[in-house]
Amino acid sequence: ADEQAAEAAKILTLKQYGERVFMPAKAVTMSENGRASYQGNLDRTIYPALGAFKLPDITSAQISALLLDIQASGKAHATVIKAYTILHSLFKMAYLGDMIPKNPMDKVERPKPRKDEIQGAEPQAYTAAEIKQLFDILDAEPLKWRALVHLLIDTGIRRGECCALKWEDINYAERSIHVCRNAVKTT
């Protein structure tokens, strides 16, 4: 902790804090996928906008403007929330570590979805007629694609879980599949 405090005392910019203190601390408690997701968001969105600013100089207005820019660019609501969550965590760590006198995130509202993103409570799902049409179209496709789509529809398995399946996960005697991994693109 003393090393972290000494290192933090040398930090000037948000990017330096992110690279030297925030991400090393997060890497200890996060999965590789979570770490890669945070790093990607920092590199693509947060650092280009705020990375060069001195940590104590970043205002709530700048953060709110960044979140609005992300939203206005047409990105999904989940993308905006991810940036908000990362910034919230980073500034909380900086505040608790006495790097900043106040946390600018205290005055940043959690982003709400755009009007065109608000969906009803019911999840989007195919109708029986749509599934029949899909299966009819699939008959002309190679076996691997037919098997993939049937597996996805018949089981409700997630795409990443399906892509991570191995032959040993299939138990032909019990007619079951053991889902134990998830494939995620991290680069």
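## Definitions and basis of the model

Helices (H or I, at least four residues) and strands (E, at least two) are taken as DSSP runs and numbered from the N terminus. The structure is a predicted model, in which local features need pLDDT of at least 70, side-chain atom pairs count only at pLDDT 80 or more, and totals for chains, interfaces and linings use all residues. Residues are numbered from 1 along each chain as its sequence is written, and side-chain values use heavy atoms, with hydrogens and water left out.

## Overall architecture

The protein contains 8 helices and 2 strands. Along the sequence these elements follow the pattern α-α-α-α-α-α-α-α-β-β.

Of the 187 residues in the protein, 30% are buried. Here buried means under 20% relative accessible area, exposed means over 50%, and partly exposed lies in between (1.4 Å probe, protein chains only). A contact means heavy atoms within 4.5 Å. Among contacts between residues at least 6 apart in sequence, 51% join residues at least 24 apart.

## Helix 4

Helix 4 spans residues 60-72 and has 13 residues. The distance from its first C-alpha to its last is 18 Å, close to the 18 Å expected at 1.5 Å a residue; the expected span is 1.5 Å times one less than the number of residues. Its buried residues are Ser60, Ile63, Leu66, Leu67, Ile70 and Gln71. Seen down the helix axis, they fall within an arc of 135°, so they line one face of helix 4. This arc is that of the directions from the helix axis to the C-beta atoms. What covers these buried residues includes helix 3 (32-50) and helix 5. On the other side of helix 4, Ala61, Leu68, Asp69 and Ala72 are exposed.

Apart from its neighbours within four places in sequence, glutamine 71 is in contact with His77, Val80, Lys112, Pro113 and Arg114. Serine 64 also belongs to helix 4, but is partly exposed, at a relative accessible area of 25%. The C-alpha atoms of serine 64 and glutamate 109 are separated by 7.7 Å, although the two residues are 45 apart along the chain. Just after helix 4, glycine 74 takes a positive phi of about 90°.

## Packing of helix 2 and helix 5

Helix 2 (residues 14-29) packs with helix 5 (residues 77-96) at an angle of about 90°, with their axes 11 Å apart. The axes are lines fitted to C-alpha atoms, for helices over the stretch in contact, and angles run from 0 to 180 degrees between N-to-C directions. The two helices are therefore roughly perpendicular to each other, a term for angles of 65 to 115 degrees. Helix 2 contributes Leu14, Tyr17, Gly18, Val21, Phe22, Ala25 and Lys26 to the contact, and helix 5 contributes Ile86, Ser89, Leu90, Phe91, Met93 and Ala94.

## Residues with positive phi in loops

Aspartate 98 is found in the loop between helix 5 and helix 6 (128-138). Its phi is near 60°, a positive value in a residue other than glycine. Aspartate 98 is exposed, with a relative accessible area of 69%.

Arginine 175 is placed in the loop between strand 1 (170-171) and strand 2 (176-177). The phi of arginine 175 is near 55°, again a positive value in a residue other than glycine. Arginine 175 is exposed, with a relative accessible area of 79%.

How values were computed
Angles under 35 degrees count as roughly parallel, over 145 as roughly antiparallel, 65 to 115 as roughly perpendicular and the rest as oblique.
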